[in-house]
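I opened this notebook to record what I looked up, in the order in which I looked.

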Amino acid sequence: MAADVDGDIDGMSRSARRLEEAVLFLRGRLAGEYEVDDFGLDTDLAERILFPALRPLADTWFRIEVQGAENLPVDGGALVMSNHSGTVPLDAVMTAFVVHDRTGRFLRPLGADLVFRLPFVGSLARKGGATVASGSDAVRMLTRGELVGVWPEGYQGLGKRFSQRYRVQRFGRDGHVSAAVRTGAPIVPCSVVGAEEIYPLVGDVAWLARLLGLPYVPITPLFPWFGVLGLVPLPSKWLIGFGEPIATDSYGAAAADDLDLVLELTEQVRDTIGRTLVDLRRQRGDALG
Amino acid sequence: MGRVVLVTGVSRGLGGTLARRLAGSPDVERVIGVDVVSPDEDLGDVLFRLAEQGDAVVSEIIETEGVDTIVHLAGGARWLGGGLASIDRSSVAGSLELLRACQQAPDVRRVVMASSTRVYGSTHRDPAMFTEDMVTRDRLGASSARDYVEVEEALRRFAGRRPDVDVTVLRLANLAGPTVETALTRHLQLPLVPTVLGFDPRLQFLHEEDALAALGQAALGDAEGTYNVSGHGAMMLSQALRRLGRPSVPLPGRALSRLGSASARMRRSGVCSEPIAFLSYGGCVDTTAMRLVFGFEPAFTTAQAFDDFARSVSPGALGAERVAAVEERIRSVVMAAGADGR
């Protein structure tokens, strides 16, 4: 883009300018001259470091194709509800990446509290825009007009066996749909194909998981047998589809406590995701293709 | 007829300043200040009385002076000085004594207490922002924040028995500014600041001037209830340290707490006196009620309050000047490389 604007500048001055930018960025970081929002999102860090670092993984490794990005509202609060898989929540990271890539908006993932207990992971998640999955944070973010991401299958989806892949698990009753109704935010169903194959979970060391306080300790065809190498995700082909937004603003805030309505909306989203997954899998064909 | 105000904890922290300012207000007839130690500074028009714990000085003052407003800064500097250091049990006992004295005093119309946002504790499960109703005792475990909660509860019981008295609790965020000294500000001024490896807590700051203004407004206004008081916005600890130019020493949580208790034994105040949970997770509060119900707007944001504090301390090893020098070095190297390339 920049090269188009001043196309006649020679390569030298362009790299000098990039260096200048990098120096300015570093100076800002070193001096602490940047801002984080109330939830800990560090826009500067995310846009300059985190997202660029994820780009090769998204574009080259997983070759992510995005469908229906136009279904993501350009502004205002919205709840993105997605299926969950892959043993580690890389699907959430990648979804946040493509959302920012396509819309410039930050997806604000609501994560399990375990994420925030883990050193490095927790603080990085906050800086990348995540917060703890709690009713109060969901409402707070939606009220502020944020694009909130939830993975309502939780560990049931994330840690399911490879043989169960693409079977959408039961949605947890954690009140996210109710938060959307309360704030009148539309719900965008999101279906991710590809994350199921990155770490095919074939076993679980339950006793070690209990010892470490983790939901499971995965055994995959490569982990732990190949050590660190086993941590490299398989390069499956990914498709991420955003469905048409489901409006909730006609119900009124009081309807947030209407259990029937909330369950009905939840099922509607779950159905949409399930159907879209079948569709996307057919489109993709071979997992590593 | 002006108000007669009793301020507890005037000898340390912001207590003295608050008492002097209240004494200067046209709505106030006189201010009596009490503390368990003598003040270092001149309290001006404030009448100072030394009170030992367990004696009847406070209840005597309330009765004979006709006190109608009490501003309870609890453990003095320890409470108002930041709400981070543990309050000792004696200030809990002192608070209970004060409330007992108030209960029998028919003239008392208003009780204002400075509490701390530490009452919410810090865990990885916490929502990003605490609202005033989110205090749960069991979450705090054995931490010292329990003591704050205990005093707040005693005050609530008092309010139940004396419905004619307006009770206001201000939960102040971490204080920052050119003069105020708290456990956190002392910690941040160490040449090498210990942090918890792998964690970067979110912090909020309240400028000392805003704290004084909020307490003054609570003392002389007519609001009731419990309010979080903090500057807008949040900062990460890492960011705060960079603004101070202080290098950090990330240590595993367990090692840090050991270092903390060792230094406590050596009575080196400041060093690692921060609870590990706070240094791991921090915490922020919602200030909607402060703005809309209590009607207070802080003049300083979190970042501005912190920067005002940062200006008052000497820059650390990674101060702005050093950073500028390094930048200059990089630039000259780049320029040289550029010239070669051409």
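Entry 1, cavities. I began with the lining of the largest cavity: α6(A) gives the largest share, three residues. Helices (H or I, at least four residues) and strands (E, at least two) are DSSP runs, numbered from the N terminus. The model is predicted, with local features needing pLDDT of at least 70 and side-chain atom pairs pLDDT 80 or more, while totals for chains, interfaces and linings use all residues. Residues are numbered from 1 along each chain as its sequence is written, chains are lettered from A and ligands numbered from 1 in the order written, and side-chain values use heavy atoms, without hydrogens and water.

I searched the whole structure and noted four cavities of 30 Å³ or more. A cavity is a set of points on a 1 Å grid over the protein atoms alone where a 1.4 Å probe fits but cannot get out, and lining residues have an atom within 4 Å of a point. Points are joined across faces, edges and corners, and a volume is the space filled by probe spheres set on them.

I put the largest cavity at about 210 Å³. Its lining has 21 residues, with Phe116(A), Arg126(A), Arg202(B), Ser280(B) and Tyr281(B) nearest the centre. The elements giving two or more residues to this lining are α6 (121–127) of chain A and α10 (276–281) of chain B. I sorted the lining by class into ten nonpolar, seven polar and four charged residues. Ala, Val, Leu, Ile, Met, Phe, Trp, Tyr, Cys and Pro count as nonpolar, Asp, Glu, Lys and Arg as charged, and the others, Gly among them, as polar.

The second largest cavity has a volume of about 120 Å³. It is lined by 14 residues, and those closest to its centre are Thr117(B), Arg118(B), Phe278(B), Gly283(B) and Cys284(B). I counted six nonpolar, seven polar and one charged in that lining.

I looked up α3 (43–61) and α4 (90–103) of chain A, which pack at about 105° with axes 10 Å apart. Axes are lines fitted to C-alpha atoms, for helices over the stretch in contact, and angles run from 0 to 180 degrees between N-to-C directions. Residues in contact (heavy atoms within 4.5 Å) include Phe51(A) and Leu54(A) of α3(A) and Phe97(A) and His100(A) of α4(A). The contact divides into eight nonpolar, one polar and four charged residues.

In chain B I found seven strands in an open sheet, ordered β3-β2-β1-β4-β5-β7-β12, with parallel pairing. Strands pair if DSSP finds at least two bridges between them. β3 (47–50) and β12 (225–229) of chain B each have a single partner strand, so one side of each lacks a neighbour in the sheet. The twist averages 20° from one strand to the next.

In chain A I found seven strands in an open sheet, ordered β1-β9-β6-β2-β5-β3-β4, with mixed pairing. Its edge strands are β1 (65–67) and β4 (131–132). Helix α11 (259–284) of chain A packs on this sheet, its direction at about 35° to that of β6(A).

Which peptide bond did I note as cis? The bond from Phe223(A) to Pro224(A) is cis, with omega near 5°. Pro224(A) lies in the loop between β8 (218–219) and β9 of chain A. Arg63(A), not a glycine, has a positive phi of about 45°.

Note on methods:
1 Å grid on protein atoms, 1.4 Å probe; cavity = no way out; pocket = protein on both sides within 12 Å on 5 of 7 lines; lining within 4 Å.
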